[in-house]
Amino acid sequence: MPDALTRPPVVSRISDLIGYTPLFELARADNGARLLLKLEMFNPTGSAKIRMARQMVDDAEERGELRDGGHIIESTSGNTGLGLAVVAAERGYRFTAVVDNHAAADKLRGMKAMGTELVHVDADSDGDELHTAAREELAEDMARGKDNTFFTEQHNNPSNAVGYYDVGREIAQALDNRVHVLIGAVGTGGGLCGTARELKKTVPGLSVIGVEPKGSIAFGPPAHDYYQSGTGTPEGATIGLLVDYDLIDEGAKVGDIEAFATARAVARHCGLLIGGSAGGVVHEALARLSELPPDGVMVAFINDGGEKYMDTVFNDDWMAERDLLSPATERDVDEHLTKLRRNR
C-alpha cells in the first residue's frame with residue numbers, strides 16, 4: 001500500500017487512490033481566522049470511510065480472520081459499505097451489507113453495482129427510519145460460527161480509528177502543524193477521534209469539537225429521530241467504543257434543518273456539494289469561527305460529498321414532505337457565508 005502522503009503517479013488498485021485529500025478555504029473571519037474543509041469526498045467512493053474499510057480488512061487478514069475466498073459482513077448506512085465493496089471486489093471476497101431504508105438510494109445502488117449482497121432489516125417498511133441496533137444484531141448473527149467469515153463491526157473495531165491516522169498526518173503536513181481546532185461529525189467516532197489522536201502528537205494544544213445530530217445520544221439526551229445519514233447514535237443503539245471522550249473537548253448538536261440548509265447554501269456559494277451531516281459540521285464551524293485567535297486555523301472534517309443526496313437533502317419535495325425545508329434558515333446561512341467569504 002503506498003504512503004498516503006506520497007502517492008505514486010500510476011496505481012494498480014482503486015484503493016491505492018485513498019488519501020491525500022485537499023484542504024479548501026471556505027471562510028475567513030474579520031481577524032483572519034480561517035475555516036478549512038478537509039474534503040474527504042475526493043477519496044474513491046466519495047467518502048472518508050473507505051480509509052477505515054481498508055484498514056479493517058487489512059488487519060483481519062493479518063490476524064488470519066480473513067483468507068482467500070472469505071466473506072465480509074457489515075451493518076452500514078452506506079459509506080462504510082461502499083468502501084468495503086471496493087476492497088472486497090479487489091481482493092475477491094464476498095461482501096454482505098446489512099442495511100435499512102435510511103440509507104441513501106445511490107449508496108445502495110453503488111454497493112450492488114460492485115457485487116455486494118444487500119440484506120434489508122426493514123424490507124417491508126415504507127418509512128426511512130434508522131434501525132441501527134437491528135442491523136448490528138443481524139450482521140453479528142449472520143457471521144457467528146462461520147468459517148472464514150468476518151463481521152467488521154465498525155462501531156467497535158479499533159482498526160476503524162487506525163484507518164484515519166493518515167488524515168491527521170495529512171493535515172499536519174499541509175499546515176505545518178499550525179491548527180487550532182479540529183471539528184467533525186461523531187458517528188462511530190473513528191474518523192474524528194482517529195484523526196485527533198494522530199494530529200495531537202504534533203499539535204498538543206489542539207481543540208477537538210465533535211458534532212452530532214439533534215436526537216443523537218453520544219453527547220446526551222433528548223433522543224428522537226433524525227435524518228442526517230451516517231452519523232450520530234440513535235436511541236436504542238450503543239455508543240461505540242471508538243467515541244473517545246478523552247480526545248473530544250466539546251460536543252455539539254445540530255438539527256437537520258440547519259445541517260441541510262448549510263449544505264444547500266455551500267453548494268450555491270462555492271459549487272461544492274457536501275453531505276447532510278457535513279452540513280451540520282460546517283454550520284457549527286461557521287458559528288465558532290470568530291472565536292478563534294487572530295489568524296487561527298479551524299479544520300472541518302468533511303466526511304462525504306453531496307452527490308449521493310440528490311434525492312434527499314437537495315430535493316425540495318423530499319425536504320418539504322418532512323418539514324425540513326426552511327428558506328429562512330438558508331437565507332441566514334447565505335448571509336453569514338457571504339460576509340465571511342468576502343474576507344478571503
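Visitor: Does Asp 176 count as buried or exposed?

Guide: Asp 176 is placed in the loop between H6 and strand E7 (181–185); helices (H or I, at least four residues) and strands (E, at least two) are DSSP runs, numbered from the N terminus. Buried means under 20% relative accessible area, exposed over 50%, and partly exposed in between (1.4 Å probe, protein chains only). Because its relative accessible area is 64%, Asp 176 is exposed.

Visitor: What pLDDT do local features need in this predicted model?

Guide: Residues are numbered from 1 along each chain as its sequence is written, and side-chain values use heavy atoms, with hydrogens and water left out. In this predicted model, totals for chains, interfaces and linings use all residues, side-chain atom pairs count only at pLDDT 80 or more, and local features need pLDDT of at least 70.

Visitor: How many residues of helix H6 are buried?

Guide: The buried residues of H6 include Tyr 165, Val 167, Glu 170, Ile 171 and Leu 175. Helix H6 (residues 165–175) is largely enclosed by the rest of the structure, because its buried residues number eight of the eleven.

Visitor: Where is Asp 323, a residue with positive phi, placed?

Guide: Asp 323 has a phi near 55 degrees. At 65% relative accessibility, Asp 323 counts as exposed. The place of Asp 323 is in the loop between helix H10 (316–321) and H11.

Visitor: Which residues does the cis peptide bond join?

Guide: Pro 222 is found in the loop between strand E8 (207–213) and strand E9 (250–254). With omega at about 5 degrees, the cis peptide bond joins Pro 221 and Pro 222.

Visitor: How many residues apart in sequence are Arg 94 and Glu 117?

Guide: A salt bridge is a side-chain nitrogen of Lys or Arg within 4 Å of a carboxyl oxygen of Asp or Glu, and the structure holds 28 of these salt bridges. In one of them, the side chains of Arg 94 and Glu 117 meet at 3.1 Å, N to O. Arg 94 lies in strand E4 (residues 94–99) and Glu 117 in strand E5 (residues 117–120), so the pair ties together parts whose separation in sequence is 23 residues.

Visitor: In which helices do Arg 264 and Glu 330 lie?

Guide: The side chains of Arg 264 and Glu 330 meet in a salt bridge of 2.7 Å, N to O. The pair links distant parts of the chain, 66 residues apart: Arg 264 is in helix H8 (residues 256–270) and Glu 330 in helix H11 (residues 327–342).

Visitor: What is the relative accessible area of Glu 330?

Guide: Arg 264 is buried, with a relative accessible area of 9%. Glu 330 is buried too, because its relative accessible area is 7%.

Visitor: What separates Arg 288 and Glu 284 in helix H9?

Guide: Arg 288 forms a salt bridge with Glu 284, the closest N and O atoms being 2.7 Å apart. Arg 288 is buried, at a relative accessible area of 10%, and Glu 284 is buried at 13%. Because they are four residues apart in helix H9 (residues 276–288), the two are separated by about one helical turn.

Visitor: Which side chain of opposite charge is nearest to Asp 256?

Guide: Asp 256 lies in helix H8. Lys and Arg count as positive and Asp and Glu as negative, while His and the chain ends are not counted. Asp 256 is buried yet has no salt bridge; at a distance of 9.1 Å, the nearest side chain of opposite charge is Arg 322.

Visitor: Which backbone nitrogen does the side chain of Asp 256 reach?

Guide: Contact means heavy atoms within 4.5 Å; not counting residues up to four places away in sequence, Asp 256 touches Tyr 226, Tyr 227, Gln 228 and Leu 324. At 2.7 Å, the side chain of Asp 256 reaches the backbone nitrogen of Tyr 227.

Visitor: How many residues has the largest nonpolar core?

Guide: A nonpolar core is a set of buried Ala, Val, Leu, Ile, Met, Phe, Trp, Tyr and Cys residues joined through side-chain atoms within 4.5 Å. In the largest one, the residues with the most contacts inside it are Leu 35, Leu 37, Ile 274 and Ile 302, and its size is 41 residues.

Key:
A polar contact is a pair of N or O atoms within 3.5 Å; within protein, one must be able to donate a hydrogen and the other to accept it, and residues adjacent in sequence count only if both atoms are side-chain atoms.
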